Amino acid sequence: MSSASRTGSVTTLAAAIAALAASPAVAQNHAPNPYNTLEDFAPLPDGRSWGSTSAVEVSPDGETIWAIDRCGANSCDTDVPGASALDIVFEFDKDGNILRRWGAGDFVWPHGIDLDAAGNVWVADARGNEAGTNGHTAEKFSPDGELLMTLGRPGVAGRTRDTFDQPNDVLIAPDGSIFVADGHPANGNNRIVKFSADGDYILEWGETGSEPGQFRTPHALAMDSEGLLYVGDRSNRRVQVFDQEGGFVRDIYNVGRASGLTIDEFDRLYVADSESNYSRNPGFGRGIRVINIADFRVIAYIPDPEPDPDNAGTSAAEGVAVDNEGNVYGAEVGPRQLVKHALPGGVVR
């Protein structure tokens with residue numbers, strides 16, 4: 001396979017952590033980059049080009065990568081010019097080869113993804129179509145694409161126990177509980193909704209604002225080994241941490257504009273910042289930051305290659321995932337590609 005390459009340091013993440021141990025105040029834009037970046041990592045079938053993508057996740061065993069393409073454009077609503085009914089959900093191996101593909105006609109604006117312990121694929125569809133028949137949902141599919149559960153009313157925007165308005169992400173807890181981050185606009189629903197494993201409504205929390213428990217675009221979800229829920233509160237330029245009943249635990253501000261989150265088995269938090277610039281978040285560069293949850297230090301940083309730091313658009317990764325070897329995957333909305341950041345030497349054990 002032909003791939004362009006952006007090369008980082010040849011050190012491993014272990015070396016990066018060791019280098020920072022005596023210097024905890026290293027600026028968040030200048031932590032080591034121990035990764036080698038492979039662009040055009042996962043070519044799509046039939047010579048088609050990637051559209052925008054913000055959804056990437058790894059399988060429960062960490063061996064395969066799931067990502068969603070927005071139909072070669074930035075929408076799968078076939079009433080929108082340039083959008084087509086294509087297979088858009090892909091499972092790749094670590095070399096970027098396609099293992100499974102499905103999803104034609106199932107989504108409008110696929111935005112977030114998670115896999116449960118059984119390998120079922122959950123997708124947050126963050127817009128409704130013009131026909132009012134699809135979108136504004138969080139849906140569960142089998143690994144082969146069979147629809148198993150729908151949360152929300154397809155095509156209907158709202159803020160009730162059974163409706164969402166532009167849900168951003170979905171996360172399945174180890175006990176099967178389902179969390180949905182609802183509200184893409186900064187002045188939208190701005191809430192987290194919890195359901196049982198069977199899809200029954202349990203509770204919700206959140207409203208528009210910047211106080212603890214309030215949100216402006218809860219854009220991404222992740223969970224650590226203690227079962228704490230991390231919410232990428234993007235327009236508030238922070239990550240908020242809660243227990244599973246919505247109790248506020250802490251917030252983290254050295255993360256940039258958090259578009260994507262994931263947490264590895266060693267409780268390292270990976271934050272994809274695709275939007276910071278001089279006007280929206282002074283002092284923060286775009287890119288993926290790796291944060292040690294124990295003390296919230298930024299221990300590694302994969303910088304965005306965008307040459308204009310004040311560009312107002314979205315670049316680099318919006319979605320982020322990590323496999324069982326420590327390789328990082330970025331789903332890029334602006335550049336329209338799935339990128340692999342390979343970790344030389346593999347994951348730290």
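1. In this note, a contact, or touch, means heavy atoms within 4.5 Å. By that rule Ser-59 touches Thr-64, Trp-66 and Leu-115, residues up to four places away in sequence not being counted. Ser-59 is found in the loop between strand 3 and strand 4 (65-68); helices (H or I, at least four residues) and strands (E, at least two) are DSSP runs, numbered from the N terminus. With a relative accessible area of 9%, Ser-59 is buried, where buried means under 20% relative accessible area, exposed over 50%, and partly exposed in between (1.4 Å probe, protein chains only).

2. On the basis of the note: the model is predicted, so that local features need pLDDT of at least 70 and side-chain atom pairs count only at pLDDT 80 or more, while totals for chains, interfaces and linings use all residues. Residues are numbered from 1 along each chain as its sequence is written, and side-chain values use heavy atoms, with hydrogens and water left out.

3. The overall composition is as follows. The chain has one helix and 25 strands. Of its 349 residues, 59% are buried. Among contacts in the chain with a separation of 6 or more, 49% join residues 24 or more positions apart.

4. What does Leu-269 touch, not counting residues up to four places away in sequence? The list consists of Tyr-230, Ile-252, Leu-261, Thr-262, Ile-263, Arg-289, Val-290, Ile-291 and Ile-293.

5. The largest pocket has a volume of about 1000 Å³. The search runs on a 1 Å grid over the protein atoms alone: a cavity is a set of points where a 1.4 Å probe fits but cannot get out, whereas a pocket is an open set with protein on both sides within 12 Å along at least five of seven lines, and lining residues have an atom within 4 Å of a point. Grid points are joined across faces, edges and corners, and a volume is the space filled by probe spheres set on the points.

6. The lining of the largest pocket consists of 47 residues, with Glu-57, Asp-114, Met-223, Thr-262 and Ile-263 nearest its centre. At least two lining residues are supplied by each of strand 3 (55-58), strand 7 (110-115), strand 11 (167-172), strand 15, strand 19 and strand 23 (317-322). By class, the lining divides into 22 nonpolar, 14 polar and eleven charged residues. Here Ala, Val, Leu, Ile, Met, Phe, Trp, Tyr, Cys and Pro count as nonpolar, Asp, Glu, Lys and Arg as charged, and the others, Gly among them, as polar.

7. Side chains of opposite charge can pair when their charged atoms come close. A salt bridge is a side-chain nitrogen of Lys or Arg within 4 Å of a carboxyl oxygen of Asp or Glu, and by this rule the count comes to 20. One of them joins Arg-191 to Asp-182, with the closest N and O atoms 2.8 Å apart. Arg-191 is buried, at a relative accessible area of 0%, and Asp-182 is likewise buried, at 0%.

8. A further salt bridge links Arg-234 with Glu-318, the closest N and O atoms being 3.7 Å apart. Arg-234 lies in the loop between strand 16 (229-233) and strand 17, and Glu-318 in strand 23, so the pair ties together parts that are 84 residues apart in sequence. Both residues, Arg-234 and Glu-318, are buried. A network of salt bridges links Arg-234, Arg-257, Glu-275, Arg-280 and Glu-318.

9. Arg-297 and Asp-295 also meet through their side chains in a salt bridge (2.7 Å, N to O).

10. Ile-299 is found in strand 22 and, at 1% relative accessibility, counts as buried. Ile-299 and Gln-28 are 271 residues apart in sequence, yet 8.5 Å apart in space, C-alpha to C-alpha.
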